[in-house]
Amino acid sequence: MSKKSLSRLEVGRQAMMAEAAAIKLAAKRLDDSFEKALDVILESKGKLMVCGIGKSGHIGTKLAATLSSCGISSVFLHAAEAIHGDLGVYQPGDPTIVLSKSGSTAEVLRLMPMFKKFESPVIAIVGNVDSPIAAAADIVLDGSVESEADPLNLMPTSSSTVSLAIGDALAAALVQARDFTREDFATYHPGGQLGRNLLLKVEDVMHPVDQMACAKAEETLRDVVIQMTKFPLGGACIVDDNNCLIGIITDGDIRRLLSKEGDILSLRVGDCMTKSPIWTRLSTSLGDAVRLMEDRSSQISILPVLADKGTQLIGLLRLHDAYQPSYS
């Protein structure tokens with residue numbers, strides 16, 4: 001079958017499969033050079049430079065950002081800008097990762113003697129291990145591919161993906177080697193949902209018990225609906241005389257009950273509630289609480305919060321609040 005006879009969907013699938021196959025081959029080629037590259041980075045007292053241009057430059061930008069997020073001080077150096085003054089960012093001994101598909105990129109090749117001048121150990125991720133850049137580097141990581149993934153075999157697709165994967169492999173190995181923890185990771189990600197999930201606790205975003213609907217089991221469904229109207233958080237927690245959680249009823253439960261025949265609003269809430277509901281603790285991380293609500297066959301949108309010991313109700317966490325940034 002000619003490539004022209006393939007559907008667009010088939011072409012897309014083939015491209016992804018080709019890139020996946022190229023990564024598998026590159027993974028098998030990793031050898032002692034990979035270990036040496038890790039040692040160079042780990043032993044450095046300065047920052048790590050990542051240099052490239054074109055598509056390799058874009059991959060380098062991502063690699064520098066990934067390494068920085070893992071606590072490795074990293075700076076991307078655009079090869080063209082480097083030869084016009086940006087080399088001033090170097091301190092003696094700063095190691096450099098260079099990326100080049102051909103291994104003969106003129107701008108990068110021109111910088112190789114300068115890296116030596118700065119006493120910079122050079123790690124080259126190249127698509128040609130017999131290239132001039134590879135010959136001038138201290139450590140070479142083989143990023144070669146048999147062909148690109150596009151129909152023309154021209155666009156940097158498989159080659160750029162393999163370079164990206166090798167960079168990610170370095171980052172992953174460095175995380176392990178440095179005993180980098182989730183808490184360390186959070187230090188470098190204070191913003192966005194990732195930062196919220198890592199840094200915040202349930203108690204930071206929950207609604208306290210005096211600002212949520214609560215009821216006793218003997219109260220009527222009408223009483224609970226009034227409470228839920230006053231505190232429209234998506235549900236009400238049912239507690240005993242000691243304010244310990246015994247059940248929950250949600251907006252969805254109310255709608256389903258109202259679709260039935262009879263005087264539904266006169267029912268005892270204890271006969272309508274979900275007994276032994278899913279709950280979380282006050283000091284649980286926000287990320288763990290979100291996973292508790294989302295990583296299940298039937299997602300839930302509200303979560304009772306109990307004290308760190310016992311079953312006393314402390315508050316209510318809404319999934320909406322977990323994703324809602326606080327500007328206070």
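**Helix pair α2 and α7**

In this predicted model, Phe34, Ala37, Leu38, Ile41 and Leu42 of α2 meet Ile166, Ala169, Leu170, Ala173, Leu174 and Ala177 of α7, where contact means heavy atoms within 4.5 Å. The residues of this contact divide into 11 nonpolar, no polar and no charged (Ala, Val, Leu, Ile, Met, Phe, Trp, Tyr, Cys and Pro count as nonpolar, Asp, Glu, Lys and Arg as charged, and the others, Gly among them, as polar). Helices (H or I, at least four residues) and strands (E, at least two) are DSSP runs, numbered from the N terminus.

Geometry of the pair

- Helix α2 (residues 32-43) packs against helix α7 (residues 158-177) at an angle of about 60°, and their axes are 10 Å apart.
- This angle makes α2 oblique to α7 (under 35 degrees is roughly parallel, over 145 roughly antiparallel, 65 to 115 roughly perpendicular and the rest oblique).

Sheet

- An open sheet of 4 strands runs in the order β7-β8-β9-β10, with mixed pairing; two strands pair if DSSP finds at least two bridges between them.
- β7 (213-216) and β10 (274-275) are at the edges with a single partner strand each, so one side of each has no neighbour in the sheet.
- Strand β9 (residues 245-250) pairs with β10 in the antiparallel sense over 2 bridges.
- Gly247 has Lys275 in β10 as its bridge partner.

Basis of the values

- Residues are numbered from 1 along each chain as its sequence is written, and side-chain values use heavy atoms, with hydrogens and water left out.
- Local features need pLDDT of at least 70, side-chain atom pairs count only at pLDDT 80 or more, and totals for chains, interfaces and linings use all residues.

Definitions and conventions:
Axes are lines fitted to C-alpha atoms, for helices over the stretch in contact, and angles run from 0 to 180 degrees between N-to-C directions.
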